[in-house]
Amino acid sequence: MNYTLLVISTLFMSGYSIVLRFAVNRCKTVAQQVMFNGMFCAFAVVLAGISCMGSFAITSLGAWLSAFYGVFFLLTVLLNLKAVEYGPLSSTTLIVNLSLVLPILYSCLFCGERLSFVHSCGLVLLVLCLVLFAEPEKDRHAKKRSGIWFLLSISAMICNGLSSVFSKAYMEQCNGAYATQYVFWGYVSATVASLVAVGILQVKPKEKNAKEDYLLVNPAVIGLTVLISIFNFGGNVLVTRLANVIEGAVLYPFVQGGSIVVTTLFSRCFLREKLSPL
């Protein structure tokens, strides 16, 4: 049953990544992208609130960890977007997805889980898979790697990995209980952090000839917001619950690597994108 839920969580995360591609194209500035992040997190708060069925209690440690989860989730988005400005998209995506190493290390060092030879081989194959399925640059004039790009990419990877570490730590501390409540408060934190970030970004003076901001409140964007919220919420709840019953060396590589493969195959079959020549 747990491994069935593992497959379902991977499909949820794949759906989130696929729909996110369409959503990002409708956001013309970083402020709009952060605003959209806040919109889908706010809708996810509603979904999580309904799932909690009126029970929002959480431990004091869980409150802190969920708050950190929300903040680091937003930092991952912002750093990822800035990294793409300075370097290639495919390499940025590859580095950020290697964040699965952090929760695996935490599981082995602090949760008493063992990294067997089979797990090690699986991780090596996963890294190769990430490289092979990395989205290729669209032309030969793609951005080159730089020191700033590398720093931003590594920072995004660390923030993304720490988000998973916080979830793993909470589930270990609570023995698998209150997973939905943890996700609820995590989304609340992410929503608040997004609103603060939007306010800060909007304070910056705009260029005189800048185009008008793209209107985010329209049926298409609202539809994308609802879909992304459902996929992200479903995936996060399942992964959080499974963190206490499936070893980290199996859980995180399967979800992260599996979602990349599904997303890439979807792009190839339905969006006619080319796979990496590697």
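Which helix does Val262 lie in? Select this residue in the model, which is a predicted one, and you will find that Val262 belongs to helix α10.

To see where the patch comes from, colour α1 (2-24) and α10 (248-270), each of which supplies at least two of its residues.

Next, select helix α5 (residues 101-110) together with helix α7 (residues 147-173). Two packed helices are described by the angle between their axes and the distance between those axes. Here α5 and α7 pack at an angle of about 40 degrees, and their axes are 7 Å apart, while the crossing that they form is right-handed.

Now show the side chains where these helices touch: on the α5 side the contact includes Leu102, Pro103, Tyr106 and Ser107, and among their partners in α7 are Met157, Ile158, Leu162 and Val165. Sorted by class, the contact of α5 with α7 has eight nonpolar, three polar and one charged residues.

Side chains of opposite charge can pair when their charged atoms come close. The side chains of Lys168 and Glu172 meet in a salt bridge, at 3.6 Å from N to O, and a search of the whole structure finds one salt bridge. Because Lys168 and Glu172 are four residues apart in helix α7, about one helical turn separates them.

Key:
Residues are numbered from 1 along each chain as its sequence is written. This is a predicted model: local features need pLDDT of at least 70, side-chain atom pairs count only at pLDDT 80 or more; totals for chains, interfaces and linings use all residues. Side-chain values use heavy atoms; hydrogens and water are left out. Axes are lines fitted to C-alpha atoms, for helices over the stretch in contact, and angles run from 0 to 180 degrees between N-to-C directions. A crossing is left-handed if the near helix is turned anticlockwise from the far one by less than a right angle, and right-handed if clockwise. Contact means heavy atoms within 4.5 Å. Ala, Val, Leu, Ile, Met, Phe, Trp, Tyr, Cys and Pro count as nonpolar, Asp, Glu, Lys and Arg as charged, and the others, Gly among them, as polar. A salt bridge is a side-chain nitrogen of Lys or Arg within 4 Å of a carboxyl oxygen of Asp or Glu.
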